[in-house]
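Hi there,

Here is the structure you were after, with the sequence alongside. My notes on what turned up follow below it.

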Amino acid sequence: MGGQSLHVLNALDVAKTQWYHFTAIVIAGMGFFTDSYDLFCISLVTKLLGRIYYTEGHDKPGSLPANVSAAINGVAFCGSLAGQLFFGWLGDKMGRKRVYGMTLMLMVVSSIASGLSFGKDQKAVMATLCFFRFWLGFGIGGDYPLSATIMAEYANKKTRGAFIAAVFAMQGFGILAGGLVAIVVSAAFGALYPAPTFQVNPLLSTVPQADYVWRIILMFGAIPAVITYYWRMKMPETARYTALVAKNTRQAAADMSKVLQVEIEAEPEKIEIENEQEKVEELNGRRGKGNEFGLFTKEFLLRHGLHLVGTASTWFLLDIAYYSQNLFQKDVFSAIGWIPAAKTMNAIQEVSKIARAQTLIALCSTVPGYWFTVALIDKMGRFTIQLMGFFFMTVFMLALAIPYHHWTVSGNQIGFVVLYSLTFFFANFGPNATTFVVPAEIFPARLRSTCHGISAAAGKAGAMVGAFGFLYAQNGIGLRNTLLILSGINFLGLIFTFLIPESKGKSLEEMSGEAEQNNTPTRESAMEAGLEVRTSV
């Protein structure tokens, strides 16, 4: 890396925290707000979908068949996996900014389309809902590598971890917003269209207007994304991409001087020398060597192979447990009796009860966990927080599983909910945040978005295992054995954490090895190569 590029990037590393940093957090974070809202709001309405479209007579309320439930909960993760790989790669090829708006618009269109799923026939509704949620997931997937990379490349090295974690922490507010929207919508429809409970009148317990409830809840996720779109389009390309990948140090300095209150001057004379040196390297066939290695090279394998295995494996293992817990909270709470039996409620009341339970968990454990990470990540370090999080998730899962019968006894459910909440707290004050932060910090700029996308895609593969596997495991081996398996998965995550380096307090170039090429050519060496060196006055 040329010395002039390093000068620009050093200026970013030591820049004071400014208003634009917080603006960038909000712009990137609102995408994550939408991501989490869209991914998790489906769990609030699956029981309602079962009552509306899969009636089972007068014995018990209708419910989605296992395969349909798994498809609706998991199809967005399939889309996310594909989107993370595709947009991660595209972000390194075309630039972060050019791709950033695409993901948001795809999310907006797909959110609205999900709520407008066609027809009243169960097959038509479920098929179109799954189709649009796949593309919703595709857009959400792209937001992961791009948001993390953009925030990492804007931030200074002192508070970089907190800034990236703050973007991801907006996920907690998205989960919270999903519960609150469901509570408000169900309360409004419950007041306008009162209905008896299922055990009083099975037919009238699900009013026709309940079909609007789930559609409104799903479509609401488009609103924050639409609001954010304009501001995303005004963001300049990150200096690190412009300087290190696009090789335009002058433009990088100009862009950063506009948005950050720092004086960054790209000296024309040095830029001319660097440009001429690149020509020398091309003539000598040296481009592509040194620090210009690609993803599928021996050099990458030696330098970053274990790092990529570490970031991908820990994210994969974390998401098996995390998404199992999040998507199927309602089933867990029903199993231990914390949510009343379905037949004692009408369809809209059930939505409200599920939303209240999930909102309470989000408010008391999920959201605080995220912000504990934001506050402490640059003090404790990424490695320590991740190791601690996996450890306590393992401990609390075992505490739930081993005396499982005790927790199902009437009067003991609150203890179960407290321990269950603590697993969420240490997931978010732990690996759920750090697995997002670390891949944005330890890989070279030209591969950063791609490697983050690969790591995140591994996570979504884990989420798919959680979404599809938990449903069948709970029905096949029971909740207690499922919790034991999840505790073992958390322990494996703890072991694989040892493959990840600590990036606290280090520049992105130090972590990726790009600082090693701080060999700015001299005027004499360029002239000796037979090239003209022009001095700008």
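A contact here means heavy atoms within 4.5 Å. With that in hand, 84% of the contacts in the protein chain with a separation of 6 or more are between residues 24 or more positions apart.

Some housekeeping: this is a predicted model, in which local features need pLDDT of at least 70 and side-chain atom pairs count only at pLDDT 80 or more, while totals for chains, interfaces and linings use all residues. Residues are numbered from 1 along each chain as its sequence is written, and side-chain values use heavy atoms, with hydrogens and water left out.

**Overall**

The protein chain has 22 helices and zero strands; these are DSSP runs numbered from the N terminus (H or I, at least four residues, for helices; E, at least two, for strands). Of its 537 residues, 60% count as buried, where buried means under 20% relative accessible area, exposed over 50%, and partly exposed in between (1.4 Å probe, protein chains only). The accessible surface of the chain is about 20600 Å², and carbon and sulfur atoms make up 66% of that. These areas come from the Shrake-Rupley method with a 1.4 Å probe, and for residues only the protein chains shown count as cover.

**The cores**

A nonpolar core is a set of buried Ala, Val, Leu, Ile, Met, Phe, Trp, Tyr and Cys residues joined through side-chain atoms within 4.5 Å. The largest one holds 135 residues, and those touching the most other members are Leu49, Ile72, Met126, Tyr144, Trp214, Ile217 and Tyr322. Helix 7 (residues 160-192) supplies the largest share of this core, 16 residues. Another core, of eleven residues, lies apart from it and includes Leu295, Leu447, Ile500 and Met511.

Beyond residues up to four places away in sequence, Tyr144 touches, among others, Phe32, Asp35, Phe168, Trp315, His452 and Lys460.

**Helix 4**

How far apart are the end C-alpha atoms of helix 4? They are 41 Å apart, which agrees with the 42 Å that its 29 residues (66-94) should span at 1.5 Å a residue; the expected span is 1.5 Å times one less than the number of residues. Helix 4 also has a kink of about 40 degrees centred on Gly74, the bend being the angle between axes fitted to the seven residues ending at a residue and the seven starting there. After helix 4 comes Gly95, with a positive phi near 105 degrees.

**Single residues to look at**

- Val438 sits in the loop between helix 19 (431-437) and helix 20 (445-496), yet it counts as buried because its relative accessibility is 2%. Leaving aside neighbours within four places in sequence, Val438 contacts Thr311, Arg382 and Ile500.
- Ser111, in helix 5 (residues 96-115), is buried, with a relative accessible area of 1%. Its contacts outside four places in sequence include Asp38, Leu136 and Gly221.
- Lys247 lies in the loop between helix 10 (239-245) and helix 11 (249-259). Lys247 is not a glycine, but its phi is positive, about 60 degrees. Most residues other than glycine have a negative phi.
- Cys130 is buried at 16% relative accessible area. Its sulfur is 9.6 Å from the closest cysteine sulfur, in Cys78, so the two are too far apart for a bond. Taking a disulfide as a pair of cysteine sulfur atoms within 2.5 Å, the count is zero.

Best wishes
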